[in-house]
Structure formats: C-alpha cells, structure tokens
Amino acid sequence: MKAKKSSLMLSKWATKLLGKKNNYRLRYFHQHGHFPSFSHPQDMSEILISKMFDPDTCKHLSRFVDKLAVRDYIREKGLDHILLRHYGVWDTPEEVPFDQLPQKFVLKSNNGCGDHVICHDKTTLDKNNAIETLHRAIRRGQNHVEPHYNFIIPKIFAEELIETPNGDMPVDYKFTCINGEIMDIFVASERTTNAKYSTLDCNWNPLPYTKNEYLPGTLPPRPKNLKALVEIARTLSKDFDFIRVDLYEYHDQPYFSELTFFPWGGLLYSYKDEIIKMYGRKFRKV
C-alpha cells in the first residue's frame, strides 16, 4: 500500500504545479519505472489514461459515472430490479430534509467518489457534520483528476443503506470487461479497515493477477448469485470497449453499485505489470 499512498502524494503536488496530464506521467513513472506513451499507448494503463484525456470521450462517459443519470441506463437495459431504493434528490446539502428520511440511509453526491454519509440511526446523526461532508464530496468531484466528472451537475441524493451482519461495508464485486468479455472479477473485501483486493474468474477460481501486498489473508466467499452477477456484468458491458461493472449482493439479491471506466485513475495499482500489458494486447486486438 505504500506505493499507492506515495503516488497519491506525488499526484497532488504534480497536479498543482504541472497539470493533470504531467501528473499522470509522473504517477505512471512512479509505478512502472518508465514514462508512458499516450500518443501510442500499449499497455492497459496507457490506453485508459490516453482515453481519459480525450474531451469527447469524457463528455460521453459522464452520463454513466453520474450516480443519478446512470440509473436511467440501468433501466434501459431492463435491470430495474438491481437498483437500490432512493429517497430523494436535492441540489444542495442544506436542502436535505433529514426529518423526512427513514431511520437508516446513505447520503451521496452524484459526482462524488467517497465522503458518503452513512447513517445507521438518524437520532444520533450530526446533521451539520453530514452537510459539511457532502460539500466536501461535491468539491472532490468537481476537482477530480479524472476529467469526465467535470461534466456532471452536482446533486445530493439519499439511498437505501446496505447492511451487513457485522456492520462492515459490503463486499464489492467489480467485473473488469473488455469489449463485453469479462477479464476478471476484482473483489474488494475488508473495506471497513484496510481494503484488500482479489482477482478471480467467473467460476470463482483465483487468478494470479494481483500484487501480493494487496491480497487478503483468505479469499472472500463465493457470492450466492454469482451466475446472475456475471450475466448482469455482461449485459452492462456490451456498449463499451473497456468498463468495470461494480455490483453488490444484498438480501441474497444482486444490486448495482456503479460503472467505472478508469479504475484507480487508469493506473490499475493492484495489478501486476504483466497483466496490465496482457490486457493492453487484448484491447488492441479488437
């Protein structure tokens, strides 16, 4: 994890002084030991980063990373049943009618990537702190290093809370897809403490794709709805040359999380270098 933290510190410095594209050149160099080619990208990381700095691509993809607008896409695919319940949408955090919300809920910004307000008991919620957190989430989205977030008009929404038996954050099943074909299932577990990552195939067999420092002590258990999750990922990935379809399993049912086009800003931190190169070859063959 030290490499990722050091790279993020370098990122903030580089973005401020050198701009986003040079920031990415330095972050890529920090991870791989050589500078990337964005004009003739070869590995999957170079390909993703070069796509990320194409304005037309970013404008097109903004609809699918907007956590509200993407729900229409899910409905268009006939997958209404995998959407979590929503309790309302507001233009600013101050407009949230806390008294009208259920006892348990999550508040998010549609352009955010963190800083969620997770409420297990409304009677103990610090509303002022919640509002401050949501403003921070909006600002993070507006200043995000991934340019497609810049096209999203920020809003706040309340969503059904996914509860787990031990109170931890739910396991996240992320399907990495190239031209509609699932390359791996990237599983994020132990997310409440220090998240760990596994890569598995569609039969839940581990793949040797993840760097050792990111691996959990034991593999997460096979989800009950693995077959359904796989089919959902195939359906949602068909319209894109590269995408990661993020899903949950809740109450023994599959649920939608989000669509991701540039995992970890396109840097794919947890993947071994040879896998990033292999994915680049698979992408370029199509």
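Let's start with strand β5 (residues 172–178), which pairs with β6 in the antiparallel sense over 7 bridges. Strands here are DSSP E runs of at least two residues, helices are H or I runs of at least four, and both are numbered from the N terminus. Two strands pair if DSSP finds at least two bridges between them. This is a predicted model, where local features need pLDDT of at least 70 and side-chain atom pairs count only at pLDDT 80 or more, while totals for chains, interfaces and linings use all residues. Residues are numbered from 1 along each chain as its sequence is written, and side-chain values use heavy atoms, with hydrogens and water left out.

Back to that pair of strands: Y173 has V187 in β6 as its bridge partner. Zoom out and you get an open sheet of 5 strands, antiparallel in its pairing, with the order β7-β6-β5-β8-β9. Its edge strands, β7 and β9 (253–260), each pair on one side only. From one strand to the next, the twist averages 25°; axes are lines fitted to C-alpha atoms (for helices, over the stretch in contact), with angles running from 0 to 180 degrees between N-to-C directions.

Buried means under 20% relative accessible area, exposed over 50%, and partly exposed in between (1.4 Å probe, protein chains only). K196, S198 and L200 point one way from β7, Y197 and T199 point the other way, and all are buried.

S189 counts as buried because its relative accessibility is 7%. Leaving aside residues up to four places away in sequence, S189 touches A195, K196, P216 and P220, where contact means heavy atoms within 4.5 Å.

F186 turns up again in the lining of the largest cavity, together with T176, F242, R244, P263, W264, L268, S270, Y271 and Y279. That cavity has a volume of about 80 Å³, and the count comes to 1 cavity of 30 Å³ or more. A cavity is a set of points, on a 1 Å grid over the protein atoms alone, where a 1.4 Å probe fits but cannot get out; lining residues have an atom within 4 Å of a point. Grid points are joined across faces, edges and corners, and the volume is the space filled by probe spheres set on the points.

Now for the other sheet. An open sheet of 4 strands runs in the order β1-β4-β2-β3, with antiparallel pairing. Here β1 (86–90) and β3 (117–119) are the edge strands, each pairing on one side only. Neighbouring strands of this sheet are turned by 15° against each other on average, direction ignored. Strand β2 (residues 105–109) pairs with β3 in the antiparallel sense over 3 bridges, and F105 has C119 in β3 as its bridge partner. Helix α6 (residues 127–142) packs on the sheet, touching β2, β3 and β4 (156–159), and its direction makes about 40° with that of β2.

What about the cysteines? The structure holds 0 disulfides, a disulfide being a pair of cysteine sulfur atoms within 2.5 Å. The sulfur of C202 is 8.2 Å from the closest cysteine sulfur, in C177, which is too far for a bond. C202 counts as partly exposed at 24% relative accessibility, whereas C58 counts as buried at 1%.

Terms used: On a 1 Å grid over the protein atoms alone, a cavity is a set of points where a 1.4 Å probe fits but cannot get out, and a pocket is an open set with protein on both sides within 12 Å along at least five of seven lines; lining residues have an atom within 4 Å of a point.
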